[in-house]
Amino acid sequence: IEIFKRVKVPKQLSTMMESEASFNDATGVIIFSSILAIATAQGALLSPTNHTEINVNILGTIANFALVFFGGIGIGLGLSAGSQYLHKLLEEPFSETALSVAVLFGSVVISNALGFSGLVAAAASGLYFGNRIMRNPVLISDKVRTYTSSFWEMIAFFANSVAFLYLGLSMDLGRIGQNLPLIALTFAIVLAARAASTYPILAATHRFTKEKSPMIWRHVVMIGGMRGALSVALVATLPESEFKEVLKAITFGVVLSSLIIQYPVLSRYIKKAFPDTIIEK
């Protein structure tokens with residue numbers, strides 16, 4: 001997303017990338033939590049030497065995933081949509097920013113209390129706030145928009161910094177060298193999986209909806225799927241074990257690979273695909 005702040009590409013593409021990134025993260029957390037819950041319920045340990053048999057109810061798991069995911073979306077959208085009536089009554093930047101914080105964390109707390117995904121609720125609430133409320137001059141003034149945007153950018157930067165600081169302080173560089181083949185294989189699988197998922201979905205969206213996505217945009221979305229702080233945060237929640245240390249090394253390697261490989265590739269592709277773009281100083 002930082003590239004789109006420096007390069008003037010179509011606004012619809014930037015919005016598509018931000019929306020995809022938010023729900024992609026939320027979906028990943030739900031799947032991760034579901035797998036961890038199944039392993040814990042079955043008494044399986046996070047150890048590569050453990051061969052405990054795990055019995056999984058596929059239909060029940062899918063139904064639970066849908067409930068958790070769409071329930072979170074409903075809570076997030078409902079609270080954020082309701083908050084726009086309060087924004088009409090406020091004009092002071094601090095108060096409106098505080099309201100956005102209250103709505104975001106309120107959606108997380110309520111969703112978790114009801115058994116839904118708090119992260120999905122947060123993503124839905126944030127997307128509604130950013131795309132509907134922040135862009136409505138009747139609800140948010142230019143002064144408030146600038147103040148609120150700066151606040152959330154600072155929070156996002158701080159959260160990412162903490163996640164990478166944790167990984168940097170706890171990482172054993174020797175393990176990265178020992179797991180280079182696994183890191184390379186995982187990175188290749190991640191890229192292949194993203195290509196296999198994004199291209200068909202965007203093609204279907206382009207054909208059957210009003211949201212058009214040219215092939216150039218689809219390439220940008222595919223290349224732009226870089227791993228980051230969320231992966232680090234998830235692996236940190238695993239119980240302590242030797243297997244966790246291996247996963248931390250692989251996670252760090254994949255995140256680092258995506259940043260040093262995909263980021264420059266994406267930058268060059270955008271400049272080539274959009275030759276009339278302007279690089280902001």
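With which residue does Asp142 form a salt bridge, and how far apart are the closest N and O atoms?

Modeller: Asp142 forms a salt bridge with Arg145, and the closest N and O atoms are 2.5 Å apart. A salt bridge here is a side-chain nitrogen of Lys or Arg within 4 Å of a carboxyl oxygen of Asp or Glu. The model is predicted, so local features need pLDDT of at least 70 and side-chain atom pairs count only at pLDDT 80 or more, while totals for chains, interfaces and linings use all residues. Residues are numbered from 1 along each chain as its sequence is written, and side-chain values use heavy atoms, with hydrogens and water left out.

Both partners, Asp142 and Arg145, belong to helix 6 (residues 142–170) and are three residues apart, about one turn of the helix. Helices are DSSP runs of H or I with at least four residues, numbered from the N terminus. An α-helix has 3.6 residues a turn, so residues three or four places apart point the same way. Asp142 counts as exposed because its relative accessibility is 58%; the classes are buried under 20% relative accessible area, exposed over 50% and partly exposed in between, with a 1.4 Å probe and protein chains only.

The structure holds four salt bridges. Among them is the one between Arg175 and Glu242, at 2.9 Å from N to O. Arg175 lies in helix 7 (residues 173–178) and Glu242 in helix 11 (residues 242–273), so this pair ties together parts that are 67 residues apart in sequence. With 17% relative accessibility, Arg175 counts as buried. Lys244 and Glu240 also meet through their side chains in a salt bridge, again with 2.9 Å from N to O. Lys244 is buried at 2% relative accessibility, whereas Glu240 is exposed, with a relative accessible area of 64%.

Rings of Phe, Tyr and Trp (its six-membered ring) pair if their centres lie within 6.5 Å; planes under 30 degrees apart count as stacked, over 60 as edge-to-face and the rest as tilted. For Phe69 and Phe70, the ring centres are 5.2 Å apart and the planes stand at 85°, so the pair is edge-to-face. Phe151 and Trp152 have ring centres 5.2 Å apart and planes at 80°, so this pair is edge-to-face. Phe151 is partly exposed at a relative accessible area of 25%, and Trp152 is partly exposed at 24% relative accessibility.

Key:
Helices (H or I, at least four residues) and strands (E, at least two) are DSSP runs, numbered from the N terminus.
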